[in-house]
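Have the structure open as you read.

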Amino acid sequence: MTERPVLAVEDLTVTIGTRRGPVRAVAGVDWQVRAGETFALVGESGSGKSMSVLAATGLAPRTARVTGRVLLHDTELTGLPDDRRRRLRGRHVGFVFQDPMTSLNPVLTVGRQVAEACEEHLGMTRRAARGRAVELLDQVGIPSAGARVDAYPHQFSGGMRQRVVIAMALACEPDLLIADEPTTALDVTTQAQILELVADLQQRHGMAVVWITHDLGVVAGIADRVAVMYGGRIVEQAPVDPLFAAPAHPYTRALLDARPDPAHPGEDLVAIPGSPPSPLDLPAGCAFWPRCPVRGDARCEHELPPLTPVSPEHVVRTFYPSREGA
Ligand SMILES: Nc1ncnc2c1ncn2[C@@H]1O[C@H](COP(=O)(O)OP(=O)(O)O)[C@@H](O)[C@H]1O
Ligand SMILES: [Mg+2]
C-alpha cells in the first residue's frame, strides 16, 4: 500500500460553541485512508468519531471552529470556499449515515433519488439517470430493481433503505465512502449483509472507506487499520490484527473485554466502569485516567501522554502501554 492517501487529516481540532461553554469535540487527530483501504474509527458514544469526519469534509455545524489540515487527494479542503468544497465533496465522497431517512426524501421514489444523484454529479440526462438508478439498485442487492425503482422509501425495510442510500452514495462514483454507524440500527443478519455488500463494492471500485462504529465485532470483520478514539483524541492506532492481538492502551483492552463473547451468547456485557469524560470539562492529562485500571501517579492526571510508537505502524497514547497481548 504505497499509494498516496485519498483523504489525510492532520492535527484536526473541532471546538463547538454551546450555551454551556466551548465543547472540544475533537482535539488534534491525525489519520489517513488510502484507495482500497478500510479505516475504522471506534470508540464510545461522544468520543468525537462523527465530528472528526464531518469537520474533515466541511460538514461541521456553523457554531464549530475547525483547525488543522485536510487533504482530499492533493487539494487542501480547509479554508476553501464552501461552494468549492461542496463540489469536491459531491464528486469524490459518498456518505452513509446510521438512519437512512436522514438521506432519503420520504415523498420521492427511491429511483428518482438515486437518479437525481446521477444527474447532479455525473451530468446525466433524466432518462440515462433512471437507467443508471436501476443498475445501481440492482448492484446493491435490491430484488427486482426494475420494478421497485418507483417505490417510496416507506415501502422498504430498514436494511433495504440503507441499500438505497448506498446506491445514492455510489451514484457519484466516489473514491471515498464515509459510513457512520450505518448498520447500528439493523438486525445482525442485515448488518452482516450490508458489511459484505460494502466490502464487495469496495473491491470492485477500489474506494477508500472510513467506517465509524462503536462495535469492535464490525471492525474485526471489515477494517484494515483502526483508530480508537477517547475524549476527542486518538488513543491508539494500528493495523487491525495487532490491535486485536496486542492492544496497548488500557481503553482498547477495556473495549475488547466488553465485547459479547460469541461462545456464550446471552451473557451480560462487561461494561467499562465509570463514564466517558464531559467534553465541557476534559482532564488536563489523560482523559481515560479516572476510569483507568492501570493508572499511575499524578502524571496521568496532569500530563497528556504523547502518541508513542509500539511498532512501526502501531501508536498508543498512554504512559502505561501493555506489552505483547498482556
Ligand atoms: N452540534 C453539536 N453541538 C454541540 N456539541 C456537539 C455537537 N455535535 C457533537 N457535539 C459534541 O461533540 C462530542 C463528539 O461528538 P460526536 O463526534 O458526535 O461523537 P461520536 O460520533 O463519537 O459519538 C460530544 O461530546 C458531543 O456531545
Ligand atoms: Mg457518531
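## Overall fold

Of the contacts in the chain with a separation of 6 or more, 63% come from residues 24 or more positions apart (a contact puts C-beta atoms, placed from the backbone, within 7 Å). This is a predicted model, where local features need pLDDT of at least 70, side-chain atom pairs count only at pLDDT 80 or more, and totals for chains, interfaces and linings use all residues. Residues are numbered from 1 along each chain as its sequence is written, with chains lettered from A and ligands numbered from 1 in the order in which they are written.

DSSP runs give eleven helices and twelve strands (helices are H or I, at least four residues; strands are E, at least two; numbering starts at the N terminus). The radius of gyration, taken over C-alpha atoms, is 20 Å, close to the 20 Å from the globule rule for 326 residues, so the chain is as compact as a globular protein of that length. That rule is 2.2 Å times the number of residues to the power 0.38. The C-alpha trace spans about 70 × 50 × 45 Å along its principal axes.

## H3 against H6

Helix H3 (residues 110-122) packs on helix H6 (residues 158-171) at about 15 degrees, axes 8 Å apart; axes are lines fitted to C-alpha atoms over the stretch in contact, and angles run from 0 to 180 degrees between N-to-C directions. That makes the two roughly parallel (angles under 35 degrees).

On the H3 side, the contact uses Val110, Gln113, Val114, Ala117, Cys118 and His121, while H6 brings Val164, Ala167, Met168 and Ala171.

Methods. Angles under 35 degrees count as roughly parallel, over 145 as roughly antiparallel, 65 to 115 as roughly perpendicular and the rest as oblique. Two residues are in contact if their C-beta atoms, placed from the backbone, lie within 7 Å.
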